[in-house]
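The points begin with strand pairing and then turn to the packing of helices and aromatic side chains.

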Amino acid sequence: MMDLNLLAVFDAIYVERNVTRAAERLGLSQPATSAALGRLRQSFDDELFIRRSGGVEPTPRAEALAARIRGVLLDIRDLHEERNFDPVVTERTFAIGMSGYAALTILPALSDSMAMTAPGISLHVKPVARGTAATMLERGDIVLAVDPESDTRAGARRSILYQETFACIARQGAFALPLSIDDFCNANHLLVALGGGATGIIDRKLSELGKTRKVSRTVPEFLLAPWLISLTEKPLLATLPGRLVEMAANVFPVERHRLPFKTPTFAVALLWHERDHRDEAHCWLREMVRQAAKRGSDSKSIPKAQARSRQLD
């Protein structure tokens, strides 16, 4: 019979891709973890993890086993927890994957709600790189992801939280109101390049209209844009998700501009793994995120932001 502790070792090595870090994760010594790996190799008659620079890489056999072993470990965990989930008295930590934009627009309302209804539950927010949410869910690094990519590979389920629009921000008084399409194209643009490129959805839309713009600055994260727009002397125009523009215009010395042409919306989705779909605690957490996403668009939250803006002036 397989020692269940060995399965925990397998799971830790698979997640960490490093035997030493896996040992730290489990609270074991490195020799004990290496010995456990040796026993795993014998049990499964496979090398399981191959040494590579900086760590190890799972074999095809290990990749095939990973989800099943994680499922067994989660089932065992569930056996030791209360079957009737009560957020008021439960003490537990959930890891959620969010971009900086998603965290800013959802996390304040989510934190307030949980502080009132689930004081013993903690959230650990992890960054989600583009297109990695489903893989992180499958590996168990996170239990939920808020992700515009909406990738449903590897057993992930998906639910739309809201549809997001685009708007512009610029330093106050830098551009005339309303913004014409020629004003837009002639401006120096700040592009948020999540994928590292120098063009984006706005450039594709302009191309359809026979227009181009000048991208003179790029940054890798949405939250950097309002800072750069407000702190640089040279006027810049940035096209950002509407919720972020609304918040930035009430905190930074910037003003909102409507785009002078139609742009597509994009869906911000909630992702979770199939194995957690019916779990009572996970169902509760998903509903909390959905309600927080709704409150994040509530205009009643704007006066608070305005009050903070006056204090910063």
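Predicted model: local features only at pLDDT ≥ 70, side-chain atom pairs only at ≥ 80, totals over all residues.

1. M98 stands opposite V146 in β5. Strand β3, residues 92–98, pairs with β5 in the parallel sense, over three bridges. V146 also stands opposite L270 in β12. Between β5 (residues 144–147) and β12 the pairing is antiparallel, again described by three bridges.

2. On the β6 side, strand β6 (residues 156–164) pairs with β12 in the antiparallel sense over eight bridges. Within this pairing, Y162 has V268 of β12 as its bridge partner. The ring of Y162 also has a charged neighbour: R243 lies over its face, at 3.6 Å from the ring centre.

3. Is strand β12 mostly covered or mostly open? Eight of the eight residues in β12 (266–273) are buried, so the strand is mostly covered under the criterion that buried means under 20% relative accessible area. The cover extends to both faces. On one side F266, V268, L270 and W272 are buried, and on the other A267, A269, L271 and H273 are buried.

4. The aromatic pairs number seven. In one of them, the ring centres of F10 and F49 are 5.3 Å apart and the planes are at 55°, so the pair is classed as tilted. F10 belongs to helix α1 (residues 4–16) and F49 to strand β1 (residues 49–52), so the pair ties together parts that are 39 residues apart in sequence. F10 and F49 are both buried.

5. A further aromatic pair, W227 with F252, is edge-to-face, with 5.1 Å centre to centre and 75° between the planes. This pair links distant parts of the chain, 25 residues apart: W227 is in helix α9 (residues 224–231), while F252 is in the loop between α10 (242–248) and β11 (254–257). F252 has 16% relative accessibility and therefore counts as buried.

6. F10, Y14 and F49 form one aromatic cluster. R17 lies over the face of Y14, at 4.5 Å from the ring centre.

7. For the chain as a whole, there are 12 helices and 12 strands. Of its 313 residues, 44% count as buried. The chain exposes about 16,600 Å², of which carbon and sulfur atoms supply 52%. Among contacts with a separation of 6 or more, 76% are between residues 24 or more positions apart.

Technical notes:
Residues numbered from 1 in each chain as written. Heavy atoms only, no water. Buried < 20%, exposed > 50% of the residue type's maximum accessible area, 1.4 Å probe, protein only. Helix = DSSP H or I, 4+ residues; strand = E, 2+ residues; numbered from the N terminus. Pairing = 2+ DSSP bridges. Contact = heavy atoms within 4.5 Å. Areas by Shrake-Rupley, 256 points an atom, 1.4 Å probe, with all protein chains shown as cover. Phe/Tyr/Trp six-rings, centres within 6.5 Å; stacked < 30°, edge-to-face > 60°. Lys NZ or Arg CZ within 6 Å of the ring centre and 35° of its normal.
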